[in-house]
Each structure stands twice: as structure tokens, then as C-alpha cells.
Amino acid sequence: MRVLASGLAVFFAGAVLTLAAADDDQTGRAMEQIQKYRQMLQDGNPADLLEMRGEQLWVTPRGPSRATLEQCDFGLGTGKLEGADAQLPRYFADTDQVQDVESRLVTCMMRLQGLTREEATASWYLPDSDLAALVTFIAAKSKGMPIRVPTAHRKEARMHAIGRELFFRRSGPLDFACATCHSQDGRRIRLQELPNFLDRKDAQASMVTWPAYRVSEGTVWTLEHRVTDCFRQMRWPQPEYLSDAIVALEVYLRKQADGAIMDAPGIKR
Amino acid sequence: MYPGRRKFVKQTGGLIGLLLAAGFVRTEEWNRIAFEGKQLDDVIRGLGGNGAQESAEVVILAPEIAENGAVVPMQIISKLNKTESIAIVVEKNPNPLAANFSIPDGTLPDIQTRVKMAQTCSVYALVRAGGKFFYSAKEIKITQGGCGG
Amino acid sequence: MTNPMKIRAKADGAVVEVKVLMSHRMETGLRKSDAGDVIPAHYIQLVTATYGDRTVLSAQWGPAVSANPFLDFKFKGGEKGGIIKVTWTDNHGESRTDEAIIN
Amino acid sequence: MRLSANAIVFVLVSASSVAAADKAAVSNTEATMRRSFSTAMPDDWKARLKQDEVQALCSQYRNNPPPKITARILASQQRTLRYPPGGKMIGDWREGEKLASIGTGGQLSAIRPEVPGAPRGGNCYACHTLASSEVAAGNLGPSLTGFGKMRGTSPDAVKRTYEQIFNVQAFYPCSMMPRFGHNGWLTPEQIADAVAFLLDPQSPVNK
């Protein structure tokens, strides 16, 4: 009886393995074609168009103060953009806050150009928004530089710890957390590969290419936009733009990618 | 539907006139009939042919699976002598003709662009060479990516 | 308002390869906004590329060309330092011309 | 001997300080969450951010709870199981197949409001291979191709499959899979349809 039972178990296991192998074959072939698809998109990233517009916006006097953004300090000194995005988010003494590139940009639009917070952020999520254009331009200025998110300041370390906690925080009607989809190797939603953010290499490959042109959206998404939409897909409510929950997650995710060479703007599904 | 040609001219006559004078724009008119065709045959007729012959000399380089139907990259190469134009026709789009490229002397019959595909279907590359139409077809699968919502 | 194209033109022996990115929504007229209204069709219909007074490519497009269109073509007889001009005109009658130096 | 005693003390001390740090991090996180969302949100939106006991425990233990917590979750989640009126736990596989492909429903977003009337599905294909004809299947969960071939449609197999979709954590505490029935995402009838998709010999899952 026992022999028979284990024999059956082996039989079932064998059946499962065969099925799994067939599935892998088919999936492997599909993934190969998708790689080819992505390859064909690499040359000619429409994000470059938004980057060009961001560059123009950077030097255009705007707002009640008719000022440009050229005096904005992203942490490496007034007006210094080269490599700045690779070291964000970071703590800024003048706002006593840990800020990401978008939050800092809005600070400058308010302080230098005299815009209200509402004016500066009103259309952040719309296709080809001024904010997305500026973020794309600023990110491209870190091309070739390693990600180095500072955590030495007490507030930076705190945001990092909160970001890690948030990454694993399950709630909502689907019991989801970031970790549900992003904490194992080689996983996919349908055919979409999911970076495992607990793995350094995966985190690096993902983080160096935000902001990115999303072909499914026909426009560039910033990292805040990406995270905000993950919340939507988890069936959570929408977090406030520039809120600490998003920035904390960015600190954690980009810290996971420490040392990776920036290659933004990217192009993604 | 699309604004009529007359409206088009009225709005932009001045600009187009200037561009024409500068030699930037040819005097061609957008081929409404071809672009509004619903079948491959309609498109061929709209482009001035009647029927097309399948040809291995027309090559479609494209992935078999596209991660998103909004952007499907493809390269069309014609090895036929006297290639005059290359059109891309997406079988199951509401209006199948996506683009038609005129290839003047001295330009290689080798075009890359990106088109939208509403669903998995055949893509036809339709080439006019020496006054006749030739085509080849390739099926491209459109997958549902991401979280599905 | 129109935004600049990004044009790259590179001579490789006798052949010049031109790569163009155009900034355009390429609305099909079939999509609906979040409020449920149809977004009107808005797309490039005519594209022309010239080298000197020679037309090196002309194209007619429908709304099925992807947003922010990409175009890659090759022609003979172009020289380094020469200028390639690209013009598009859309169904609203808007038009734009940009140029690049062949390198 | 003395050395190892020291080591034990050290381990105990560091474990408790880690626990304290964890507690601080968790309370910081909850405070951060509270100030990161509009206070003007409707109550049912806010409710989605509130963790129940299982969600909080699984977050705390990174989905890998110790035996004592595992037993606690098993017991509490077993008590949540509910069945369709009339007790029919296997429905129409065709309906189940539709649910498996639907990834919409229940989204809350001001910048991307859900299309009115978007159906709510189980989105099974996002994570599982089911019918082998569907290439675009995810792999966050195990392949379920041939699921019914091995299990048949005995009352026990049907009940067990139903219960697992209703509340997976009644069997696997801190599973990544949503508790579809317990959380009210799918109705008991819809779950019965999903059961049919998995078990019915006519379903493409078993072809």
C-alpha cells in the first residue's frame, strides 16, 4: 500500500514536471521575443524629447518672480545638476526635510519663481507635464554616475527605516504590499518581469532607468508616478504627491540600488 | 471624423503656401480613401493598385510578441527593383493602413517605424515596385502586460 | 504649440542614416477621456525629409503610427556637414520643420 | 563556558533592542502613512489603509511567521470560512475562466479614476499558469495547469479548493495570495466558478 502510494506520488510529480517544462519552453520563447521587442525600442527613446523640453524650461523665466530654476540647489550646490539626482533623496537643511528630486524641484519653483505649491504641482501627473520634463532633464544630468543615497543624517536614516517597513506593509482588500510582487527572484506578473528589490542587481537595473518613457502610457513617468500607480494597483488609496510615504519608499529602493550607474531616462513597457 | 481637406487648406493655406515656396512640402494630398479602407484590398485599391502578389523579397523585421500594442517597432526592407513605396497595414486595426512611405531614387527601401496594434493579428508590408504591388505578412502577438488594470 | 524634433543623421560611407523622433500625441480619435468624452483625432498626416532641394523621403501617416513617432531611413548621396530637414503636418493643419547636420 | 554565557546575554540584549527598534520603525511608519494621505478621503478609502491583525503580523514577520504566530493565524483564519447559500461550491468554469483574466475593479485613484462599470475579477493569470493555451501567464504563484486532473471533483477536493480561494491563510499563513472571499473581493458564487475553472474536467485548465 505504502509502495503504491509513493509510486503514485512519483507519478503525479512526474506529470507536474512535464507540464512545468512545457510551460517553461513556451514562456522562454515568448520572453526571447519580448527581449527583441525591447531591443528595438532602445534606439529612439521619446523621453529624449521631454528631456529637451525640460532643458528649455530650466532656463526659462517663469512664475510671478519671472525667475529661472538655474539657482536651484539639489544638494550638490547652487545650480549644480551633474550627478545630483544620483544622490537623491537626501536631507535639506533649509526645509528640514528629506526630499526627492520632485519635492526639491517644487521647493525651488515656490522659492525662486514665486509659485504656490498648488500651482507648481497641479498637473504633475498629466502626460508631458512640466514637472516630468524637468525631472527627465535633471535625471539625464546624472547619466553615468553611481547612485549614492545618503543615510548619514538622522532624518535620512529614519526615512530609510520607514521605507523598508513600508515595503513589507500589507493592507487593503488584496492583502498586498510592495513585497508581494517584488521580493522574489525571477517572478512575473503575466509576462512582465518583476524586479526583486531585495536583490541588489535587480534593484540596480530597475532604479537606474527612472524616470522612464512608458510605451503603454505614451509619456514619461517619474519614480513618484510609478510608486503612486503601484498603490493604485494594490487597491490602496492615492497617496499625496511628494508625501513622506513615497519619498521613504524611494530612499529604501534607491539605497537597495546603491552604486549602480544611472542611465535615465529609460524606456519601459 | 478627420477634418476635411478644404478646412485643412483654409486653416493653414498661408503656412503651407510658404512651405511650398520654400520647397519643404510636396503638393501631395493625404490619401483619405486608402486610410479609410477597412480591408487590405480596400487599401491596395486606395493606393492605386488592384491586387497584390506575395513576395519573399519583402521583409518584415519585427518581434513576434509585442509587450504593448501602443508601440510595435518594425523594419520593412524591400529587395525588389524599382521599389516606389512601402506601406504598413495592420489587419485588425479599425483603419488598417498605418503609414505609406514614398521611396524616391537614391533612398534605400528600408524603413523603421513604430505602429499601434489594437490586437494580435497579421501585419502586412505592402510594396509598390515597377507599378505593381507585392506584400508579405507577419503575425504579431500583443500581450497583456502588467497588473491587468 | 509644437515641440522640436530630435533628428540624428550619420554618414556611413555612401549612405546617410537619419533617425527622427517627433513630439506628437498621435490621438486616434477613438479613445475616451476619464470623463468619458471622445478625445478628438490629432495626428501627423504628412512627413517630408529634404536634403538640399532633394526630397529624400515623403510619407503619409494615419493615426495608427505610435505616439511620439520614430522614423529611421537611409539615403545615398548625402555628405558630412550637409543639412537634413524634416517637416511634418498634422490633421489640424499644424506644421513643424526642424533640421540637423549630417555627421 | 563563560564566553558562551556572555554570548547568550549579548544575543538576548541585542534581540530585545532590535525588537524595540522594530517597534519604533513600525510606529514611525504608521505615522508616516497617516500624514501621506489626504484626511479628506472617504472612510472606505481610509479603511483600506488600516491593517487587520493578520496583515500586521505578516508585515512584522516579513511573511515568515514563527510557529506560535503561524498557529494563531491558522486558527483565526479557519474561523472566517463562509460558504455559498445552498452549499454549491463548484459553479460554471466558463465564468471562472473570465474572472481569471480580469485585472480591473476596485481601484481608488484621483489621477486615474477607474472606468465606470469596470468589472472586478480574480486576475488569476497575473500570478498563475492555468490553461496552457494562455502564454501570458505570471509565475508569482505555482502553475495550476492540470490542477483538476490530479484532484478530481470529489466533495472533499471541491471544498478544499473553495476554502483555499476563500481564505488561503486558513491553510498557509502569510501566503502572498489575496484572501479573496474573506476580504469580500469575490463573492462565494464567483469563487465557486473559479473552483470549476480549476477542477471541471471540461475546463481548459485540465485539457
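Good morning. The structure before us is a predicted model, in which local features need pLDDT of at least 70, side-chain atom pairs count only at pLDDT 80 or more, and totals for chains, interfaces and linings use all residues. Residues are numbered from 1 along each chain as its sequence is written, chains are lettered from A and ligands numbered from 1 in the order in which they are written, and side-chain values use heavy atoms, without hydrogens and water.

Let me stay with the pocket. A pocket here is an open set of points on a 1 Å grid over the protein atoms alone, where a 1.4 Å probe fits, with protein on both sides within 12 Å along at least five of seven lines; lining residues have an atom within 4 Å of a point. The volume, meaning the space filled by probe spheres set on the points, is about 510 Å³ for the second largest pocket. Of its 27 lining residues, A:R117, A:Y241, A:L242, A:S243 and A:D244 lie nearest the centre. The lining comprises 11 nonpolar, eight polar and eight charged residues, where Asp, Glu, Lys and Arg count as charged, Ala, Val, Leu, Ile, Met, Phe, Trp, Tyr, Cys and Pro as nonpolar, and the others as polar.

I turn to the aromatic rings. Rings of Phe, Tyr and Trp (its six-membered ring) pair if their centres lie within 6.5 Å; planes under 30 degrees apart are stacked, over 60 edge-to-face, and the rest tilted. This rule gives 18 aromatic pairs over all chains. Because A:F167 lies in helix α6 of chain A and A:F197 in the loop between β4 and α8 of chain A, the pair ties together parts 30 residues apart in sequence. Is A:F167 buried or exposed? At 1% relative accessibility, A:F167 is buried, the term for anything under 20%. A:F197 is buried too, at 7%. Ring pairs join A:F167, A:F168, A:F197 and A:Y252 into a cluster.

Finally, the sheet. Six strands form an open sheet in the order β2(B)-β4(B)-β7(B)-β5(C)-β2(C)-β1(C), with antiparallel pairing; strands are DSSP runs of E, at least two residues, and helices runs of H or I, at least four. Two strands pair if DSSP finds at least two bridges between them. β2(B) and β4(B) pair over four bridges, and B:V58 has B:S78 as its bridge partner in β4(B).

Technical notes. Buried means under 20% relative accessible area, exposed over 50%, partly exposed in between (1.4 Å probe, protein chains only).
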